[in-house]
Amino acid sequence: ADLNIHIVGRNAVVAVNKANADLPSGRTLVLSSGAFEVSDTAAHPPQARVHFKLDGPAPAAAEMLRSERLRDIADAPFDPSTIRGTVSAQVTLGMPIKSDLPPGSTNYAITVDAANFSADRMIMGQRVDAALLRATATPQGFQLKGDVRIGSTPVSLEYRKSRGDPDAEVRIAGTLDEAARKSLGFDAGDAISGNIPIRLSGRVAMTAEREGRFAVDADLTPAQIDGLLPGWAKPTGKPARATFTLATKPQSIRIEDLLIEGSGSGVKGTIDFDGSGELQSAHFPAYGFSDGDRANLKIDRAADGALRVVMRGEVYDGRGFVKTAAGAASSNPSAKRRAVDVDIDMKLGAVVGFNGEALRSVDLKMSRRAGEIRSFGVNAKIGRDATLTGDLRRGSGRQLIYLESGDAGAFFRFADVYTRMTGGQVAIAMDTPSADNAAQQGALSVRNFAVHDETQLERAVSNGGPARRGGNT
């Protein structure tokens with residue numbers, strides 16, 4: 001150390017121009033512009049006021065704060081082995097001069113400017129990086145606030161840890177893109193595209209596991225969603241919001257008290273993921289994306305890894321569900337849908353389709369493996385008490401889905417294929433849908449039907465003779 005000592009009567013001042021603090025690890029901190037002052041050396045014990053500037057690597061500062069003499073005072077939240085960067089700190093201390101300082105006898109105020117800072121597994125198991133960051137510490141606790149990157153995501157961060165509290169309080173506001181969602185353990189594949197603004201607040205444990213519990217508010221309006229949940233397709237710009245409690249552990253992620261609002265009756269439930277972000281189970285006592293939906297949904301992962309989806313209810317808008325379950329092409333043309341092994345068991349009083357048509361007393365079962373439908377069966381009522389049945393058959397060396405109904409017009413209106421047909425018997429045999437085979441080939445047979453108010457047919461009839469008005473053509 002390079003220092004000057006000035007004593008006048010009972011007043012003593014040690015001015016430190018420059019000094020080095022050599023730590024056990026070999027790291028070094030540089031102290032400068034320091035002063036150690038005792039205004040009354042005769043007091044028992046004498047009181048000292050200290051201030052100085054401290055510069056050096058961030059791991060060295062963390063190591064010093066975790067030393068035996070300072071550990072109880074500083075309550076430092078970082079492990080020296082997990083942080084990087086350089087620090088410049090202004091330190092002010094007030095303490096009695098005693099060989100054994102009692103707890104709480106030291107007052108201090110520390111302001112730290114950290115450059116190129118990073119800390120591993122700091123929040124939700126993710127690394128935190130910042131080009132420039134300011135932190136403050138007092139006997140009441142530690143606070144960090146600024147613009148940082150969590151994983152690869154730029155966010156606004158507030159981090160507070162009160163002295164003696166085993167948990168830290170965290171507030172985060174930012175926008176999650178696809179890479180950010182993946183790094184945080186929410187890899188939804190092509191089911192979500194676009195950015196999602198979020199606000200997160202909660203507590204994270206300072207133990208090695210860094211377990212946390214957070215309240216999350218996500219604005220889903222800018223995102224396009226197709227297939228994240230069975231039957232849910234939301235275009236970009238359509239308002240939707242999700243709120244939930246996020247509980248994080250090293251080997252699991254749990255979403256509790258989930259509420260998705262935007263249109264319809266909404267979704268309420270709980271979802272469990274493993275440490276890699278794979279869905280393990282979900283329970284939705286309320287599940288609907290259209291007005292009037294009254295259904296519930298339960299999902300569990302079976303021993304073979306497939307998801308078992310069980311749906312029950314009175315009314316459900318199934319226009320998106322059937323397309324999602326069958327592996328139809330995504331509304332995102334640039335996306336490549338990931339094949340999910342799934343078993344579906346659906347029993348509903350009514351499934352609403354297009355053009356005011358609905359299936360009634362629906363009983364549907366389907367199994368899909370490696371992107372291919374392995375089993376399929378459906379029984380329902382349609383139109384004027386006609387039936388709709390379907391199963392999986394083998395023909396011409398390939399698997400075919402076979403559908404048959406006694407009301408072809410109602411079936412085509414339900415599927416939004418054609419609206420001006422009434423009656424008729426329809427039989428359809430087509431290739432099984434898959435992620436790589438969005439367009440299916442097959443055979444369609446319709447007989448004993450009527451077409452009404454079809455302009456093209458009326459024009460054709462008019463060319464050959466007088467058209468019949470007001471009746472079937």
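The legends below describe close-up views of a predicted model.

**View 1. The largest nonpolar core.** This core has 102 residues, and Phe284 and Tyr287 are those with the most contacts inside it. Strand 6 (residues 107–123) gives the most to the core, with six residues.

**View 2. Surroundings of tyrosine 287.** Leaving aside neighbours within four places in sequence, tyrosine 287 is in contact with Leu229, Pro230, Gly231, Gly266 and Val267, among others. Further contacts of tyrosine 287 include Asp293, Ala295, Asn296, Leu297, Met311 and Tyr316.

**View 3. The aromatic pair of phenylalanine 142 and tyrosine 159.** A search of the whole structure finds five aromatic pairs. The rings of phenylalanine 142 and tyrosine 159 are edge-to-face because their planes lie at 80°, with the centres 6.3 Å apart. This pair links distant parts of the chain, 17 residues apart: phenylalanine 142 is in strand 8 (residues 141–150) and tyrosine 159 in strand 9 (residues 153–162). Phenylalanine 142 has 13% relative accessibility and counts as buried; tyrosine 159 is also buried, at 0%.

**View 4. The aromatic pair of tyrosine 287 and phenylalanine 289.** Tyrosine 287 and phenylalanine 289 form an edge-to-face pair, 5.3 Å centre to centre and with 85° between the planes. Both residues are buried. Tyr287 and Phe289 belong to one aromatic cluster with Phe284 and Tyr316.

**View 5. A nonpolar patch on the surface.** The patch is formed by Leu3, Ile5 and Ile7, which together have about 310 Å² of accessible area. Isoleucine 5 is found in strand 1 (residues 2–8). Isoleucine 5 counts as exposed because its relative accessibility is 59%, the cut-off for exposed being over 50%.

Note on methods
Residues numbered from 1 in each chain as written. Predicted model: local features only at pLDDT ≥ 70, side-chain atom pairs only at ≥ 80, totals over all residues. Heavy atoms only, no water. Core = buried A, V, L, I, M, F, W, Y, C linked by side-chain atoms within 4.5 Å. Buried < 20%, exposed > 50% of the residue type's maximum accessible area, 1.4 Å probe, protein only. Helix = DSSP H or I, 4+ residues; strand = E, 2+ residues; numbered from the N terminus. Contact = heavy atoms within 4.5 Å. Patch = residues over 30% accessible without salt bridge, like charges linked within 9 Å, V, L, I, M, F, W, Y side chains within 5 Å. Areas by Shrake-Rupley, 256 points an atom, 1.4 Å probe, with all protein chains shown as cover. Salt bridge = Lys/Arg side-chain N within 4 Å of Asp/Glu carboxyl O. Phe/Tyr/Trp six-rings, centres within 6.5 Å; stacked < 30°, edge-to-face > 60°.
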